[in-house]
Amino acid sequence: MLRAAALRVTRPRLAVLGAVHAHPHADTDSIIGAVRNDLPEVSHQAVYDSLHTLTAAGLVRRIQPLGSVARYESRVGDNHHHVVCRSCGAIADVDCAVGHAPCLTASDDHGFVIDEAEVIYWGLCSDCSAVRSS
Ligand SMILES: [Zn+2]
Ligand SMILES: [Zn+2]
């Protein structure tokens, strides 16, 4: 995967990619914790740098819902959406509602060439809505 993206293979990059794969939607602190299971000596900076490089290369997708820290996932290139819990911040994947790249036909594109629509669904996760109704 790293080689296909013409990236130099380094141990921090491999470990970060593995951690993002194992922990979808994890924030940077969680990823640092997971990477240190493999590479106890890895620095914060090495993890930040690896996340930045992997994101720029398109191997990792960065999402940042309003009010949340940045989260990372390895599910890239399929234009899936996210549902975010307003109460606890839990995030889950939501496939496109109407097939491929649904919202790209803007009612008025203002002359832009549009290639992505970012959709975030907000609500309460099942745990939080159970707490509220009990
Ligand atoms: Zn919740
Ligand atoms: Zn996702």
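Guide: With a relative accessible area of 61%, H110 is exposed, since the cut-off for that label is over 50%. Please keep in mind that this is a predicted model. H110 sits in the loop that runs between β5 (91-94) and β6 (120-123). Its backbone deserves a look too: phi is near 55 degrees, a positive value in a residue other than glycine.

You will find H25 in the loop between α1 and β1 (26-27). Its relative accessibility is 7%, so H25 counts as buried, whereas H110 is exposed.

Of its 134 residues, 34% count as buried. Taken along the principal axes, the C-alpha atoms fill a box of roughly 50 × 45 × 25 Å. Among contacts between residues at least 6 apart in sequence, 47% join residues at least 24 apart.

Let us now turn to the cysteines. For "binding site", the unreviewed UniProt entry lists C85, C88, C125 and C128. These residues are spread over 44 residues of sequence, yet they cluster in space, with a largest C-alpha distance of 8.1 Å. C85 belongs to strand β4 (residues 81-85), while C128 is part of helix α4 (residues 126-133). C85 has a relative accessibility of 4% and therefore counts as buried; C128, at 12%, counts as buried as well. Setting aside neighbours within four places in sequence, C85 is in contact with A90, G123, L124, C125 and C128. With residues up to four places away likewise left out, C128 touches C85, S87 and C88.

Helix α1 (residues 11-22) packs against α3 at an angle of about 75 degrees, and their axes are 9 Å apart. That angle makes α1 roughly perpendicular to α3, because 65 to 115 degrees is the range for that description. On the α1 side the contact is made by P12, R13, V16, L17 and V20, and on the α3 side by A46, V47, S50, L51, T53 and L54. Sorted by class, this contact has eight nonpolar, two polar and one charged residues.

Helix α3 (residues 44-56) also meets helix α2 (residues 28-38): their axes come within 10 Å and cross at roughly 110 degrees. These two helices are therefore roughly perpendicular to each other, and α2 passes α3 in a right-handed crossing. From α2, the residues in contact are T28, I31, I32, V35 and R36; from α3, they are H44, V47, Y48 and L51. The residues of this contact divide into six nonpolar, two polar and one charged. If you follow V47 and L51 of α3, you will find them in the contact with α1 and again in the contact with α2.

Technical notes: Residues numbered from 1 in each chain as written. Chains lettered and ligands numbered in written order. Predicted model: local features only at pLDDT ≥ 70, side-chain atom pairs only at ≥ 80, totals over all residues. Heavy atoms only, no water. Axes fitted to C-alpha atoms, helices over the stretch in contact; angles between N-to-C directions. Helix = DSSP H or I, 4+ residues; strand = E, 2+ residues; numbered from the N terminus. Parallel < 35°, antiparallel > 145°, perpendicular 65-115°, else oblique. Left-handed = near helix turned anticlockwise from the far one by under 90°. Contact = heavy atoms within 4.5 Å. Nonpolar A, V, L, I, M, F, W, Y, C, P; charged D, E, K, R; others polar. UniProt positions renumbered as here; feature names shortened; annotations may be inferred. Buried < 20%, exposed > 50% of the residue type's maximum accessible area, 1.4 Å probe, protein only.
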